[in-house]
Amino acid sequence: MIIFGLFVAVTLVVVLRASRNNKTAADYYAAGRSFTGPQNGTAIAGDYLSAASFLGIVGAIAVNGYDGFLYSIGFLVAWLVALLLVAEMLRNTGKFTMADVLSFRLKQRPVRIAAAITTLAVCFFYLLAQMAGAGGLVSLLMGIDGKVGQSLVITVVGALMIIYVLIGGMKGTTWVQIIKAVLLIAGAAVMTVWVLALHGFNLSELLGAAVETTGNPAILDPGLQYGKSETSKLDFVSLGLALVLGTAALPHVLMRFYTVPTAKEARRSVVWAIWLIGIFYLFTLVLGYGAAALIGSDAIKGAPGGVNSAAPLLAFALGGPVLLGLISAVAFATILAVVAGLTITAAASFAHDIYANVIRKDQVDADGEVKVARTTVVVIGIISILGGIGAQGQNVAFLVALAFAVAASANLPTIIYSLYWRKFTTQGAVWSMYGGLGSAIVLIAFSPVVSGLETSMIAGADFSWFPLNNPGIVSIPLAFFLGWLGTVLDKNTESAVKQAEMEVRSLTGVGAEKAVDH
């Protein structure tokens, strides 16, 4: 608790110092575009390496071995899609939000409303997962049992998040993410070296010890989790699609590209993020098998928090209460930083896209827009606290998977079509976004994740007819198809002049700086 308190105190000081320069909308939403590529890359890593990445993947590898590591590969490969297809062009075309890009050459009102709804949906489900995860994590690490104690923890996390974003804006949030990324990667590195040292820095010896402790040689082979049936294989493909394509369309990750001054820095920041995230995921391989070797998969599954307890249990086995305290504080900081990033993205989407551009039709000054954004932060904070309290004990992985599936279905097809297809129309964009969002949510609602199994969210009920846990394999191609169909059937055409301007700006960056400043 002392270590956690120190982290909160230090980051609050950083946020207060960063908030001194929050004068314009560009300062509040995009940190005045003052971060370098390496700084922004570290912040992206901080945004991306959530508690699910740290606790979830280490646990998945400890229990399912090879198949657990496939999560790491999916999360990492996703960044190539972001780097090659999205980062630079998005930075050149937009101002603050994803909707800026999508509505650049299409009709403002319907596209901005649809983009804001999909952004808020992704942020809400992601926020719900993080808040519920915070309650579960603290009950596991600090011995706080009971709904009231966990609810109190969720309220404290929500209050801290509101303070961070309200005062610091994007600049304060970014510095919190940079500090957290450094702490998380450093903590994982120390534990990785420690685990390897115990096994003579010999990976083969570590893998052998994992097999010996678990008594399961299959932990080194593919198929332990996803090879049991044809349905599980399809589920794996579906999950892989959602992870790889969802990352390049997560609103809180996309918004980070606007915090750098040039497209070149946007590219550099993604390269830095790939290196940092890649190194971290290599650490998870050692930590996962280390947990299997030193603790055993049965002991992990039987602990409070189940699979998610692998990393804390390993920390306790290595360094006792001190290392456990440090890793707990880092995991908690992880939740706090990710939640702050999601909140400012949701606030920017509502204030910039709905209020400033749809309700006020661009007739509002920057101060008025930022005031609305700050009010939105408080509202979103309260909703996410209540949602997190309501989601206690629910399947957190389900909520994260839903966020990725919604992002991949509702956002990515429209982003790709907007940037690369000249004939793309407003009708195509709206059909794709609403169709992708609706199909992803409906398919998950009627999947085994929600009902039909002992592990489902609603135990004892069975209204599932969709056999897969993740809808990506259906909803993502459907969203691409609807975008094409809506465009082909649209009798209206979009402005050729605007399309040409967007193409030149996205490829060269010419005109981007002027639009950004004014």
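Which residues in H12 meet which residues in H14? In this predicted model, Leu-287, Gly-290, Ala-291 and Leu-294 of H12 are in contact with Ala-310, Leu-314 and Leu-318 of H14. Six of the residues of this contact are nonpolar, one is polar and none is charged. Helix H12 spans residues 263–294 and helix H14 residues 310–359. Their axes come within 9 Å and cross at roughly 65°, and the crossing is left-handed.

Helix H14 also packs against helix H1, which comprises residues 2–18. Here the axes are 8 Å apart and the angle is about 40°. The crossing of H1 and H14 is right-handed. On the H1 side, Ile-3, Phe-4 and Phe-7 take part; on the H14 side, the partners are Val-322, Gly-325, Leu-326, Ala-329, Phe-332, Ala-333 and Leu-336. The residues of the contact of H1 with H14 comprise nine nonpolar, one polar and no charged.

With residues up to four places away in sequence not counted, Ala-329 touches Ile-3 and Phe-4. Ala-329 has a relative accessible area of 7% and is therefore buried, the cut-off being under 20%. The C-alpha atom of Ala-329 is separated by 41 Å from that of Ser-432, which is 103 residues away along the chain.

The largest nonpolar core contains 145 residues, and Tyr-48, Phe-54, Trp-79 and Ile-415 touch the most other members. Helix H14 gives the most to this core, with 23 residues. Apart from this core lies another, of six residues, which include Tyr-355, Val-364, Val-372 and Ala-373. Phe-54, in the largest core, is in contact with Leu-184, Phe-280, Leu-287, Ala-311, Ile-327 and Ala-331 when neighbours within four places in sequence are left aside. One of these partners, Leu-287, also belongs to the H12 side of the contact with H14.

Tyr-48, likewise named among the core residues that touch the most other members, is one of the buried residues of helix H3. This helix, residues 37–48, has twelve residues and reaches 16 Å from its first C-alpha to its last, close to the 16 Å expected at 1.5 Å a residue. Helix H3 is mostly covered, with eleven of its twelve residues buried. Besides Tyr-48, the buried residues of H3 include Gly-37, Pro-38, Asn-40, Thr-42, Ile-44 and Asp-47.

Conventions
Residues numbered from 1 in each chain as written. Predicted model: local features only at pLDDT ≥ 70, side-chain atom pairs only at ≥ 80, totals over all residues. Heavy atoms only, no water. Axes fitted to C-alpha atoms, helices over the stretch in contact; angles between N-to-C directions. Helix = DSSP H or I, 4+ residues; strand = E, 2+ residues; numbered from the N terminus. Left-handed = near helix turned anticlockwise from the far one by under 90°. Contact = heavy atoms within 4.5 Å. Nonpolar A, V, L, I, M, F, W, Y, C, P; charged D, E, K, R; others polar. Buried < 20%, exposed > 50% of the residue type's maximum accessible area, 1.4 Å probe, protein only. Expected span 1.5 Å × (residues − 1). Core = buried A, V, L, I, M, F, W, Y, C linked by side-chain atoms within 4.5 Å.
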